[in-house]
Amino acid sequence: MVGGREITSRLAPLLREFYLRDPVIVARELVGKRLVRHTSAGLCVGRIVEVEAYLSRRDPACHASRGMTRRNAAMFGVAGHAYVYMIHSRWCLNAVTEPEGVPSAILIRAIEPLEGLELMHQRRRTDIVRDLARGPARLCEALAIDRTYNGWDLTDGRELWIADDPDAAARPLRIARSARIGVSSAQRRLLRFFDSESRFVSGARSLRAR
């Protein structure tokens with residue numbers, strides 16, 4: 001198995017300052033980053049191709065819009081930590097943004113699998129590469145992410161983190177935005193950001209790139 005020190009030297013975790021900003025800015029800049037999962041079974045890495053921002057203010061679709069609960073407490077914590085929640089018996093991964101006490105987060109909706117595909121196939125029990133991590137629940141299943149990682153520090157470079165894309169300069173992105181998927185309120189807000197040229201996004205690919 002590849003050693004942790006070797007992995008973090010190649011895929012260094014994003015610094016906390018990256019997350020300590022407006023969630024809309026963070027969401028847009030997360031597209032193209034690498035999501036890294038390192039377990040005893042092996043290494044899995046994917047390029048983030050789709051995210052959604054959930055705001056701390058005037059966003060009824062945000063889990064924290066009615067205040068802190070046991071379920072959403074991680075959103076009120078330190079930026080750069082994970083917020084993992086369950087919906088329909090499936091897990092979803094978010095990255096917490098803004099200063100402590102200001103609850104906002106970015107839902108990681110989809111990745112393009114790059115490394116550890118065999119392990120992802122085993123976990124997902126599918127032979128279809130496009131469906132390995134296309135959608136937040138599939139993503140968590142492919143990477144073995146569950147409630148254990150709620151509150152996990154994504155800046156530590158252990159087990160689960162987000163890194164810069166070392167190939168970013170050679171691969172310019174065309175980022176589009178649209179309304180979020182599956183929300184029942186604030187439906188007109190354009191807070192979903194995605195790689196408009198990626199076939200791994202979980203929803204429709206808009207023609208409006210910004």
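Arg-109 turns out to be buried, with a relative accessible area of 9%; buried here means under 20% relative accessible area, exposed means over 50%, and partly exposed is in between (1.4 Å probe, protein chains only). This is a predicted model, so local features need pLDDT of at least 70 and side-chain atom pairs count only at pLDDT 80 or more, while totals for chains, interfaces and linings use all residues. Residues are numbered from 1 along each chain as its sequence is written, and side-chain values use heavy atoms, with hydrogens and water left out.

Arg-109 sits in strand S5 (residues 105-115). Helices (H or I, at least four residues) and strands (E, at least two) are DSSP runs, numbered from the N terminus. Not counting residues up to four places away in sequence, Arg-109 touches a list of residues that includes Glu-50, Ala-133, Pro-136, Leu-139 and Ser-202; contact means heavy atoms within 4.5 Å. Pro-136 belongs to helix H5 (residues 136-142) and is buried too, with a relative accessible area of 11%. Leaving aside neighbours within four places in sequence, Pro-136 is in contact with Trp-91, Cys-92, Leu-107, Ile-108 and Arg-109.

Next come the salt bridges. A search of the whole structure turns up 19 of them, each being a side-chain nitrogen of Lys or Arg within 4 Å of a carboxyl oxygen of Asp or Glu. Arg-21 counts as partly exposed at 26% relative accessibility, and Glu-29 is partly exposed with a relative accessible area of 36%. Another joins Arg-47 to Asp-165, with the closest N and O atoms 3.3 Å apart. Arg-47 lies in strand S2 and Asp-165 in the loop between strand S6 (160-163) and strand S7 (175-178), so this pair ties together parts that are 118 residues apart in sequence. Arg-47 counts as buried at 6% relative accessibility, and Asp-165 counts as buried at 10%.

Arg-192 and Glu-50 also meet through their side chains in a salt bridge (2.7 Å, N to O). Since Arg-192 is in strand S8 (residues 192-195) and Glu-50 in strand S2, the pair ties together parts that are 142 residues apart in sequence. Both of these residues are buried. Salt bridges that share partners join Arg-34, Arg-47, Glu-112, Asp-165, Asp-167, Arg-171 and Asp-195 into one network.

What about the nonpolar side of things? A nonpolar core is a set of buried Ala, Val, Leu, Ile, Met, Phe, Trp, Tyr and Cys residues joined through side-chain atoms within 4.5 Å. The largest has 38 residues, and Leu-35, Leu-93 and Leu-139 have the most contacts inside it. Strand S2 gives the most to this core, with four residues. Leaving aside neighbours within four places in sequence, Leu-35 is in contact with residues including Val-45, Ile-48, Leu-93, Ile-111, Leu-139 and Trp-161. Apart from this core lies another, of 14 residues, among them Met-75, Tyr-83, Leu-107 and Val-183.
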